[in-house]
Amino acid sequence: MPAVSEPSLGYEQAREELAEVVRRLEAGGLSLEESLALWERGEALATICQDWLDGARKRLDAAIDPDEG
């Protein structure tokens, strides 16, 4: 479970929203304020995704080598 403020947001949901944020930023046409808000949201979503991946890695490592977990 991610340690970020949105624990109910699953990996797939966060990844999909992050992809949408990237598409919107790449499309341009946003104000500076909108761009910054999207950038900040993207950073938060990337952290959520990384937390999920880190947790999955720990679980895999523990399953492969129970003495390490």
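Glu-43 is partly exposed, with a relative accessible area of 44%. Here buried means under 20% relative accessible area, exposed over 50%, and partly exposed in between (1.4 Å probe, protein chains only). Accessible areas come from the Shrake-Rupley method with a 1.4 Å probe, and for residues only the protein chains shown count as cover. The model is predicted: local features need pLDDT of at least 70, side-chain atom pairs count only at pLDDT 80 or more, and totals for chains, interfaces and linings use all residues. Residues are numbered from 1 along each chain as its sequence is written, and side-chain values use heavy atoms, with hydrogens and water left out.

Glu-43 is found in helix H2, which covers residues 32-64. Helices are DSSP runs (H or I, at least four residues), numbered from the N terminus. Together with Glu-33, Glu-34 and Glu-40, Glu-43 forms a negative surface patch. Patch residues have over 30% relative accessible area and no salt bridge, and like charges are joined within 9 Å. Asp and Glu count as negative. The place of a Glu charge is taken as CD.

A search of the whole structure finds 3 salt bridges. The criterion is a side-chain nitrogen of Lys or Arg within 4 Å of a carboxyl oxygen of Asp or Glu. One of them joins Arg-41 to Glu-17, with the closest N and O atoms 2.8 Å apart. Arg-41 lies in helix H2 and Glu-17 in helix H1 (residues 11-27), so the pair ties together parts that are 24 residues apart in sequence. Both ends are partly exposed: Arg-41 has 24% relative accessibility, and Glu-17 has 30%.

The side chains of Glu-20 and Arg-23 meet at 3.1 Å, N to O. These two residues are 3 apart in helix H1, and therefore separated by about one helical turn. Glu-20 is partly exposed at 35% relative accessibility. Arg-23 is also partly exposed, at 48%.

Helix H2 holds a further pair. Asp-61 and Arg-57 form a salt bridge of 3.3 Å, N to O. Their spacing of 4 residues in helix H2 places them about one helical turn apart. Asp-61 is partly exposed, with a relative accessible area of 37%. Arg-57 has 47% relative accessibility and counts as partly exposed.

The largest nonpolar core has 7 residues in all: Leu-9, Ala-14, Val-21, Leu-38, Leu-45, Ile-48 and Cys-49. Such a core is a set of buried Ala, Val, Leu, Ile, Met, Phe, Trp, Tyr and Cys residues joined through side-chain atoms within 4.5 Å. H1 and H2 each supply at least two residues of this core. The largest share, 4 residues, comes from H2. In soluble globular proteins, nonpolar side chains tend to be buried together.

Val-22 is placed in helix H1. At 37% relative accessibility, Val-22 counts as partly exposed. The C-alpha atoms of Val-22 and Leu-38 are 8.4 Å apart in space, and the two residues are 16 apart in sequence.

Notes. Patches are made of residues with over 30% relative accessible area and no salt bridge: like charges are joined within 9 Å, nonpolar side chains (Val, Leu, Ile, Met, Phe, Trp, Tyr) within 5 Å.
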